[in-house]
Amino acid sequence: MRTVEARSEERHAMDQFNIALDVYSVLLCLMLGGYVLIVNNRKDRINQCFVGICVCNAIMTLGDLTSWCFALPLSELEYDVMLVGTFLFYVMPAPLFLFFTGYIVSFISKRHAVRHDYFRLSVVLFVVYFLGCVVSLFNGMFFTVDAEQGYMRGAYFLAAQSIPVFLHLRNAAIVIRYRSYLRPKELMGFAWYIALPAIAEIIQVLYFGIALMNSFVTIAILLVFLNIQSERKALLEKRE
């Protein structure tokens, strides 16, 4: 009995910790995205992509939040909320990485022509991935939600990670290919963006129950903001 109670208390503590991380991540993303919208040029493609990154991560984090908020067994309303939240959590990484592709390409294009179309294949993969997430609502191949057990990984969970991971690695390849056109501080910002989500993905695949992905992505967004976005704004103001 004590062992069961100890495990229950440990899980409750971990859920509270994950909720705190997710709430922090949502608020920080909304603050950064809102700042760029208010202070910077809204028509600039780089700024638009940065805001898109913040919005996607905020939505993904809110989706993740539903996995930790409710005590089991789930009521009918709680089940519906968790199902929608889990769907959003799975869907949003792909557009997030697409916005990062747009951010990187737009940033580099200010200094050097990027002739290769990095979006065509990525959009096709996103459509395939999105359809897989929709199908999972009915057959649970990527994820499933049960009233008694809550969120559970599906039989093809690892396959579901392949497309977001590919999009992320593709962004890393773009940065590496055009690294000579980036300043050291900018390269460092992109390096953190590449490394942190990859580390979080590995940890989350190996250890279920730790909500690190959204927090690590948020930290990466903050570092991009500090090392690249704010630096670029200062340079533009100096030129003016």
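Helix α4 and helix α6 (residues 157-177) pack at about 10 degrees, their axes 9 Å apart. The model is predicted: local features require pLDDT of at least 70, side-chain atom pairs count only at pLDDT 80 or more, and totals for chains, interfaces and linings use all residues. Residues are numbered from 1 along each chain as its sequence is written, and side-chain values use heavy atoms, with hydrogens and water left out. Helices (H or I, at least four residues) and strands (E, at least two) are DSSP runs, numbered from the N terminus. Axes are lines fitted to C-alpha atoms, for helices over the stretch in contact, and angles run from 0 to 180 degrees between N-to-C directions.

The α4 and α6 helices are therefore roughly parallel to each other. Angles under 35 degrees count as roughly parallel, over 145 as roughly antiparallel, 65 to 115 as roughly perpendicular and the rest as oblique. On the α4 side, the contact (heavy atoms within 4.5 Å) is made by P93, A94, F97, F100, T101, I104, V105 and I108. Helix α6 contributes P164, L167, H168, N171, I174 and V175. These residues divide into 11 nonpolar, 3 polar and no charged. Here Ala, Val, Leu, Ile, Met, Phe, Trp, Tyr, Cys and Pro count as nonpolar, Asp, Glu, Lys and Arg as charged, and the others, Gly among them, as polar.

N171 lies in helix α6. It counts as buried because its relative accessibility is 0%. Buried means under 20% relative accessible area, exposed over 50% and partly exposed in between (1.4 Å probe, protein chains only). Leaving out residues up to four places away in sequence, N171 touches F97, F100, T101, I104 and Y193.

Helix α4 (residues 93-109) also meets helix α2 (residues 45-69). Their axes come within 8 Å and cross at roughly 160 degrees. The two helices, α2 and α4, are therefore roughly antiparallel. From α2, the contact involves R45, I46, C49, F50, G52, I53, C56, N57 and M60. From α4 come P93, P95, L96, F99, F100, G102, Y103, S106 and F107. The residues of this contact comprise 13 nonpolar, 4 polar and 1 charged.

P73 is found in the loop between α2 and α3. The peptide bond from L72 to P73 is cis, with omega near 0 degrees. Most peptide bonds are trans.

Y90 belongs to helix α3 (residues 76-91). Y90 is buried, with a relative accessible area of 2%. Apart from neighbours within four places in sequence, Y90 is in contact with Y129, C133, F142, F143, Y151, R153, F157, A160 and Q161. K43 is 47 residues from Y90 in sequence, and the C-alpha to C-alpha separation is 29 Å.

Strand β1 (residues 143-146) pairs with strand β2 (residues 150-153) in the antiparallel sense over 4 bridges. Two strands pair if DSSP finds at least two bridges between them. A hairpin through 3 residues joins β1 to β2. V145 has Y151 of β2 as its bridge partner, and D146 stands opposite G150. In a regular strand the side chains alternate between the two faces of the sheet. The covered face of β1 carries F143 and V145, and the uncovered face carries T144 and D146.
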